[in-house]
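Trainee: I'd like to go through this one residue by residue. Can we start?
Mentor: Fine. Here it is.

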Amino acid sequence: MSDRYSASALTVFAVELLSRAGLEADKARTVAEILVEGDLLGHDTHGLALLAGYLADLEKGAMAKTGEPRVIADFPAAVTWDGNRLPGPWLVTQALNVAIPRARQNGTCTVVIRRSHHIACLAAYLQRVAEQGLMVILTCSDPAAKGVAPHGGRREVMTPNPLAAAWPTAGEPVILDVSMSITTNGLTKRMATEGRKFPGQWLVDGAGHPTNDPAAAFADPPGAILPIGGTDHGHKGYALGLLVEALTGALAGHGRADRPEGWMANVFLQVIDPALFGGREEFARQTEYVAAACRATPPRPGFERVRLPGESGLRRRAGQLASGVELYATIMPALAPWAQRLGVMVPATAGR
């Protein structure tokens, strides 16, 4: 069983590592909080598992340590930034700080960011927006990376291109964060490293044959992850992946048609205030009706009950805040050398 750590202790640990690596204080704090939030929600490939890579990019100058985004366009409900390779969690948080008040004034506000560094777990940004009575849509792509084949193809073209959103109901918000591929690059690498197999044929090998072996993605010739829907209905995930490419790289005016610059993200973020549409109360009445109908649906064999997207993550978050964050077994060993190099004490496990 993996060790558990206090969420606050993990945040302090990550802040100290990032700060000693040269990241400005406010940026270090934001990045640390978003990474720990990812682990709290159970997204253990997109929480502190990313921190060693972030520290490496800070060390070699691939992540900017200081500065602000460059404004490319600024209209009341449409903003475009060049992120100047600043930390993605900080840029997305700043974008939300811009979009939320403008959405309250105009009904909606969209912020598009090009040349951000990686933005970590998309779900980690959403709860605080939905709890303000707002709807939020967030998606991203990495034009310098690939991993996913188009439907019918056997070579990687796109990233998994996650799409996340959240909106209020009369109770807890609905929170979704799903990739447009069956699995992610991060999980594929982890499974291949550990010599494990996927439970289904989630990839194609270099010859185009479906396989459950994640190592196929790193063979010569390389295989690729399949879009959502797999070999049967992958045209659906493929189409959604293309939509994400249009919302991110195309709207930002910087993407796969340009020279790769290293680990990065193009981001689409939209905040919507239901108060300026059909009304906040009517919005919640409709979303709660659908949510209640889903919960009341009799479960099919193998399911205890029908859950809403995000429900399990919120339960996990509450439990881990109370009893400690259960880090994946490889995370702290990957961070220990950085802690030693930067002179930061590794936090004690919860209960010690």
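Trainee: Is Asn-84 buried, partly exposed or exposed?
Mentor: Asn-84 has a relative accessible area of 31%. Buried would need under 20% and exposed over 50%, so Asn-84 counts as partly exposed. Keep in mind that this is a predicted model.

Trainee: Where does Asn-84 sit?
Mentor: In the loop between strand E3 (78–82) and helix H4 (88–106).

Trainee: And what is its phi, given that Asn-84 is not a glycine?
Mentor: Positive, about 55 degrees. Ala-120 is not a glycine either, and has a positive phi of about 65 degrees.

Trainee: Where is Ala-120 found?
Mentor: Ala-120 is in the loop between strand E4 (108–116) and helix H5 (127–130).

Trainee: Ala-120, buried or exposed?
Mentor: Buried, because its relative accessibility is 3%.

Trainee: Is the peptide bond from Asp-220 to Pro-221 cis or trans?
Mentor: That bond is cis, with omega near 0 degrees. Pro-221 lies in the loop between strand E9 (210–211) and strand E10 (224–225).

Trainee: Next, aromatics. How many aromatic pairs does the structure hold?
Mentor: The structure holds 2. In one of them, the ring centres of Tyr-54 and Trp-263 are 5.4 Å apart and the planes make an angle of 55 degrees, so the pair is tilted.

Trainee: Which parts of the chain does that pair link?
Mentor: Distant parts, 209 residues apart. Tyr-54 is in helix H3, and Trp-263 is in the loop between helix H7 (230–252) and strand E11 (265–272).

Trainee: Is Tyr-54 buried or exposed?
Mentor: Tyr-54 is buried, at 0% relative accessibility. Trp-263 is partly exposed, because its relative accessible area is 28%.

Trainee: What do the axes of H3 and H10 do?
Mentor: The axes of H3 (residues 51–59) and H10 (residues 331–342) come within 9 Å and cross at roughly 40 degrees. That angle makes H3 oblique to H10.

Trainee: Which residues meet there, H3 to H10?
Mentor: From H3, Leu-51, Ala-52, Leu-55, Ala-56 and Glu-59. They meet Ala-334, Leu-335, Trp-338 and Arg-341 of H10.

Trainee: How many nonpolar, polar and charged residues does that contact have?
Mentor: By class, the contact of H3 with H10 has 7 nonpolar and 2 charged residues, and no polar ones.

Trainee: Switching to charges over rings. Where does the charged end of Lys-27 sit?
Mentor: Over the ring of Trp-90, 4.0 Å from its centre. The charged end of Arg-190 sits over the ring of Tyr-328, and there the distance to the ring centre is 3.6 Å.

Trainee: What about Ser-179, where is it found?
Mentor: Ser-179 is in the loop between strand E7 (174–178) and helix H6 (185–193). It counts as buried, because its relative accessibility is 15%.

Trainee: What does Ser-179 touch?
Mentor: Leaving out residues up to four places away in sequence, Ser-179 touches Pro-160, Asn-161, Pro-162, Thr-184 and Ile-228.

Trainee: Last one, Glu-288. Where is its place?
Mentor: Glu-288 is in helix H8 (residues 280–296).

Methods. Residues numbered from 1 in each chain as written. Predicted model: local features only at pLDDT ≥ 70, side-chain atom pairs only at ≥ 80, totals over all residues. Heavy atoms only, no water. Axes fitted to C-alpha atoms, helices over the stretch in contact; angles between N-to-C directions. Helix = DSSP H or I, 4+ residues; strand = E, 2+ residues; numbered from the N terminus. Parallel < 35°, antiparallel > 145°, perpendicular 65-115°, else oblique. Contact = heavy atoms within 4.5 Å. Nonpolar A, V, L, I, M, F, W, Y, C, P; charged D, E, K, R; others polar. Phe/Tyr/Trp six-rings, centres within 6.5 Å; stacked < 30°, edge-to-face > 60°. Buried < 20%, exposed > 50% of the residue type's maximum accessible area, 1.4 Å probe, protein only. Lys NZ or Arg CZ within 6 Å of the ring centre and 35° of its normal.
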